[in-house]
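Below is a short note on the pockets of this model, written point by point for a colleague who will look at them on screen.

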Amino acid sequence: MTTDAQLLAALREHRNGYIAASEVMRRLGLSLAALDGRVADLRELGYQIEVKPHLGCRLLSSPDVLHADDLMARLPANRVVGRDIRVFKETTSTNDVAEKLARDGVKQGVVIFAESQTKGRGRLGRKWESPVGKGLWFSVLLRPQLLPTEATQLTVVGATALARAVQSQTDIAPDIKWPNDLLIGGRKVAGILTEMSAEVDRVNHVIIGIGLDVNQAASDFPPDVRKLATSLKLERGQPVHRGDLAAAILIELERDYARVCRGEFAALADEWESRCTTIGQHVTVLIGERRVQGRAESLDDSGALLLRTEHGRIERIIGGDVTVEKSRP
Ligand code: BTN
């Protein structure tokens, strides 16, 4: 951990009171002058830190910018997800950066955030708008010991962890639309782009790319998506602190990834199904040129959607574009 991360961690531990300067200096191995310097630098970044002669230091507020040290300071020490965090002011696509790191042999768990993306992409080749400072645009590199056919489990990890973190931070429980959209009141608030590199019998790496619309006003969305999309701020009626939210999401991702690594996907799938509004509905799935219709029944062990077609057959769907039919018997 960097000195700034250690300092922020110490301040957060004493969020409701002061931590003595002598205690911080001892823990971080800093002189008083060096501590003053670190506090001044953090204040420059927008952190409000109070220093009182006989009481010590206290963190009053943190700015709504993504700061790798601060994010790492909020995560448990022996984590996988967020073991390393890198924040870019601007990049093409965080999935591209993660892909390059994967090819360079970087360990799993690295997370790439960008304040904005110039070529953010969604599923099925769609563009993903990523305006500066309005949302969370990030990618997680994982190297799971799964078969390629089981990789859909990680999309389920992404959607479930994201839904749980949004709920804990905003009190709004988003619906999951298969495979990996989060909706509030029928409007999309987040999407997940899972990309994989694999051989026939093993996964090399998986990149979970998450786009979450946090603080947009309606006018921040392009006119063609305005009716279909929403943000947490629009739903909640007040802005959401992106740093708090990002840390909460990484903690939930760690929890659900560990469940999959321990072979406990079934429990995760149950939670996913309870949040998924697609289950039980009549849907049409477009898979390239192919169109499949039926009732969404459940997820299978590998995270695929099981559809019962009009002929009573079960179709296993691993990708595609799902539309929920308005009203069916
Ligand atoms: C979708 O709903 O189609 C998936 C959208 C995924 C967007 C995220 S933003 C971070 C990461 N980088 C990208 O280019 N895409 C994903």
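1. Strands are DSSP runs of E of at least two residues and helices are runs of H or I of at least four, both numbered from the N terminus. The model is predicted, so that local features need pLDDT of at least 70 and side-chain atom pairs pLDDT 80 or more, while totals for chains, interfaces and linings use all residues. Residues are numbered from 1 along each chain as its sequence is written, and side-chain values use heavy atoms, without hydrogens and water.

2. The largest pocket holds about 1,100 Å³ of space; here a pocket is an open set of points on a 1 Å grid over the protein atoms alone, where a 1.4 Å probe fits, with protein on both sides within 12 Å along at least five of seven lines, and lining residues have an atom within 4 Å of a point. Its lining comprises 43 residues, with R126, W128, D181, K188 and L228 closest to the centre.

3. Among the elements that give two or more residues to this lining are α5 (94–103), β7 (181–184) and β14 (321–324). Because domain 2 (68–275) and domain 3 (282–326) both contribute lining residues, the largest pocket lies between them.

4. The second largest pocket has a volume of about 400 Å³, and of its 19 lining residues A151, T152, T155, T194 and I318 lie nearest the centre. Both α6 (152–170) and β8 supply at least two residues of that lining, and β8 gives the most, namely four. Domain 2 (68–275) and domain 3 (282–326) both give residues here as well, so the second largest pocket lies between them.

Technical notes. Points joined across faces, edges and corners; volume = space filled by probe spheres on them. Domains from an automatic or database assignment.
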